[in-house]
Amino acid sequence: MSRTFCPLPWNFQAIRNNGDIRICCQANISTNRGLLTNDEGRIFNAGTDNLDKARNAQLMKEVRKAMIKGEWHATCQRCRQEEESGLDSRRQYEFRNWKLRMSDVEQGTKEDGTIEVDKFPVAYYDLRFGNKCNLSCRMCGPSDSSAWYEDHVALTGSTEYQDTHMKVQLEKKGTQWVDANKSYQWYLNDDFWKQLSEKDDGIKHIYMAGGEPMLIREHFRFLEKCVRKNISKNIILEYNTNLTILPDKVLDLWKSFKEVRVGASIDGYGDVFEFQRYPAKWQEVFKNLQKLDKQPRPIFSWLACTVTVYNVTHIPEFMLWKINESDFQRINSSKQKPILTIHMAHKPEHLNVRVLSDEKKAQIKSLFEEYKGKFREQWESDLAIKAEKILDRITNYMDGGSYFDQYNDQLVEYSHKLDSLRGESSEKFLP
């Protein structure tokens, strides 16, 4: 069995906020960002191109060949780094999710990595309908959140930014900065929906993130269409949502689907959460968490916690709160996702925990050891061990490299500038 095999290059298609097609979101930290290009070097875009042709893009073929050989392709470095640190990578997660195995793909994949798309239909889509969002999280940016436009202009002094294939131009309308060219509305192209409709009987799993999907009208229209066509009963929905909004409308729609998996982007509680997920309010989100926790099957949920320099020292206290105080009965209650589901912020590099000095890293590890003692005192052995493993995975990743010399000055400058714009203090949260 190949130690690098992942089913996604054979059964999956990922579409960015701006419609560009990529291997998967984990590839975003690689040099090529996992973007698929045609023979002329132009990035395939779901708003203008044939979806099937993108599946045999040169990069896709190279990744398939590497996986069959048991090699790590450079595009897959995030999964490699996480697995080397003891973290549960996307590759491992998807391997458990799908029955597709090496024996299924070796015979159906040509020597150059090409596949016959009809023999390996897309069962799994990552669909991101634009970048509309109501939060401007510290580790985010304008490509993924329209709420970042104002801070982007203030921080950089520029009214434009580059997002993969396009330069986005911002303009002021009233008091708001907006995307002048409507760059993120690729999903309004009828041909995309026609292509998707031709394949929707085979869809088994759909992942949606933001922007914020609960704010995006096309997200609801798509769910309604699946219900009308009576294919929702065959589909697993999976989300990353900031949970500032949890409308009854979506809860009603979810009842018609085979299963719904909700990763709530919650990086801590109280002021730590509000600082990292600006300008969300903890009490409002906590009420939605309580509402989500009460939802019956087929809805499953977990706390998808992004670990950055700002909240890394808060993680053990967050776990104590989750077990001792939250009173959640179903959130993070499975063996696969116990206590808390962590994701390391690989980018931007100046917010990655590897940017911390050796001295600060040592202090964090000492703090974690103190909390391990608290876990053992308060919890049964099995639960304490799971909590300890989460902390060990963070420190293993943190020690896996150093970005201090290259990015520490940028961390300081970025934090102070954003503090000034938002009336906040990073020093309260940095270790």
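The model is predicted, so local features need pLDDT of at least 70 and side-chain atom pairs count only at pLDDT 80 or more, while totals for chains, interfaces and linings use all residues. Residues are numbered from 1 along each chain as its sequence is written, and side-chain values use heavy atoms, with hydrogens and water left out.

**Exercise 1.** State how many cavities of 30 Å³ or more there are.

Solution. A cavity is a set of points, on a 1 Å grid over the protein atoms alone, where a 1.4 Å probe fits but cannot get out. Points are joined across faces, edges and corners, and a volume is the space filled by probe spheres set on them. The count comes to two.

**Exercise 2.** Describe the largest cavity.

Solution. Its volume is about 140 Å³. Lining residues have an atom within 4 Å of a point; there are 17 here, and C6, C24, M67, C76 and C79 are the closest to the centre. Helices are DSSP runs (H or I, at least four residues), numbered from the N terminus. Helix 4 gives the most to this lining, with three residues.

**Exercise 3.** Describe the second largest cavity.

Solution. Its volume is about 40 Å³. The lining consists of L196, S197, D200, F222, K225, C226, K229 and I231. Helix 8 (190-199) and helix 9 (217-228) each supply at least two of the lining residues, and helix 9 gives the most, with three.

Technical notes: 1 Å grid on protein atoms, 1.4 Å probe; cavity = no way out; pocket = protein on both sides within 12 Å on 5 of 7 lines; lining within 4 Å.
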